[in-house]
Amino acid sequence: MSATDSLLKDIKNKNFLPIYFLAGEEPYYIDELTEALEKNVLTEDEKAFNQTIVYGQDVDMEQLISLAKQYPMGAEKQLIIVKEAQHLAREIDKLLPYAENPQSSTVLVFNFKGKTIDKRLKIAKTLQKLNAYHEFKKIYESKIPDWIDQRVLKSGVKIDMKAKMLLAEFVGANLSRLDNEIEKLALIIGKGNTITPDQIERNIGISKDYNNFELRTAIINKDMPKIASIIHYFDKNPKENPIIVTISAIFNLFQSLVILHTLEDKSPSNAAKNLGVHPYFVNEYFTGAKNYPLKSTMQIISLIREYDMKSKGVGATGNVSHADLLKELAIKIIHS
């Protein structure tokens, strides 16, 4: 069980901490825990007099501590949520006296998004002793498919491999959006059913056949007709398929092929680990390594950098469209 799951379980069981200091670059877990506290600390009737939401830019630490020391009215607890608490970063040391002796009838929640506390500070050590300090880092892109698996499981549905990779590719590491899309799909298909690429295409707007994931596969297989049809689709739908994202996806592919070429242990399990990909897709990378030797791969990376600059208007001759640039790049790649 993850630290977040453990906290959520305690919150649902009404085992509350006096302080929750939720910090870091990943807002999804900060919001998830805060919402759980809003649902569980107080009843709807108790919230009118005992729930206070303030913003870090609107209060100072003295005012906040004064609020926290007040007693609840007609309830066992009062809940104080400080949103945008990172604006109080310069005053964080002033929280120390309260953290050393927090009010047992108050649940004080800090949403300290995008920042962390210096662990050498006494306030950080005090919050850690209370189990009050929780830091959430951005998820690695290679971990997104596993995160989708866990989130889908919570909704009581399943997801097939291609659908999962479509979501990971299209939405990326935006966990809040992934959460919303999965919840929407789960409601549409019903518990026990499987999310498929067709359902994603119909309900989210991701093309199951024309996307960067399919383009990568076509480049690996040197399938120029498929590459051309995908680029044509991108040209007709430029807002959903910006060239900067496509070039980045192609670059990541060949960067991974360089890693694969230079591995001493090329077993599928070790390759998956070093490439940061799901074992299901390792064979594609082996096909890519076979079709693009190391020398060609290095030359292609230089080509991709050149066309990345051209897509930004540097070194391009005339008024060349993004689609034409991608076609030129693709032709040069498959003939390298």
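## Domains and annotated spans

At which residues does UniProt place the feature "domain: DNA polymerase III delta N-terminal"? The UniProt record, an unreviewed entry, places this feature at residues 20-131. In the structure shown here, which is a predicted model, the end C-alpha atoms of residues 20-131 lie 8 Å apart, and the span is 38% helix and 21% strand.

The unreviewed UniProt entry also places the feature "domain: DNA polymerase III delta subunit-like C-terminal" at residues 211-312. For this span the end C-alpha atoms lie 21 Å apart, while its make-up is 76% helix and 0% strand.

The protein chain itself is divided into domain 1 (3-136), domain 2 (141-204) and domain 3 (212-335). Taken over C-alpha atoms, the centres of domain 1 and domain 3 are separated by 46 Å.

## Helices H1 and H2

Helix H1 covers residues 3-12 and helix H2 covers residues 27-40, and their axes come within 9 Å and cross at roughly 10 degrees. Because angles under 35 degrees count as roughly parallel, H1 and H2 are described as roughly parallel to each other.

On the H1 side the contact is made by Thr4, Leu7, Leu8, Ile11 and Lys12, which meet Tyr29, Glu32, Leu33, Ala36, Leu37 and Asn40 in H2. The residues of this contact divide into seven nonpolar, two polar and two charged.

## Helices H7 and H8

Helix H7 (residues 144-154) and helix H8 (residues 161-171) have axes that come within 9 Å and cross at roughly 120 degrees, and the crossing of this pair is right-handed.

Ile144, Pro145, Ile148 and Asp149 are the residues of H7 that meet Lys164, Met165, Leu167 and Ala168 in H8. Sorted by residue class, the contact of H7 with H8 holds six nonpolar, no polar and two charged residues.

## Helices H12 and H17

Which way do helices H12 and H17 run relative to each other, roughly parallel or roughly antiparallel? Helix H12 (residues 224-236) packs with helix H17 (residues 322-334) at an angle of about 165 degrees, and their axes are 10 Å apart. Since angles over 145 degrees count as roughly antiparallel, the two helices H12 and H17 are therefore roughly antiparallel to each other, and H12 passes H17 in a right-handed crossing.

Where the two helices touch, Met224, Ile227, Ile231 and Asp235 in H12 meet Ala323, Leu326, Lys327, Ala330, Ile331 and Ile334 in H17. The contact of H12 with H17 is made up of eight nonpolar, no polar and two charged residues.

Definitions and conventions
Residues are numbered from 1 along each chain as its sequence is written. This is a predicted model: local features need pLDDT of at least 70, side-chain atom pairs count only at pLDDT 80 or more; totals for chains, interfaces and linings use all residues. Side-chain values use heavy atoms; hydrogens and water are left out. UniProt positions are given in the numbering used here, feature names are shortened, and annotations may be inferred rather than shown by experiment. Helices (H or I, at least four residues) and strands (E, at least two) are DSSP runs, numbered from the N terminus. Domain bounds come from an automatic or database domain assignment. Axes are lines fitted to C-alpha atoms, for helices over the stretch in contact, and angles run from 0 to 180 degrees between N-to-C directions. Angles under 35 degrees count as roughly parallel, over 145 as roughly antiparallel, 65 to 115 as roughly perpendicular and the rest as oblique. A crossing is left-handed if the near helix is turned anticlockwise from the far one by less than a right angle, and right-handed if clockwise. Contact means heavy atoms within 4.5 Å. Ala, Val, Leu, Ile, Met, Phe, Trp, Tyr, Cys and Pro count as nonpolar, Asp, Glu, Lys and Arg as charged, and the others, Gly among them, as polar.
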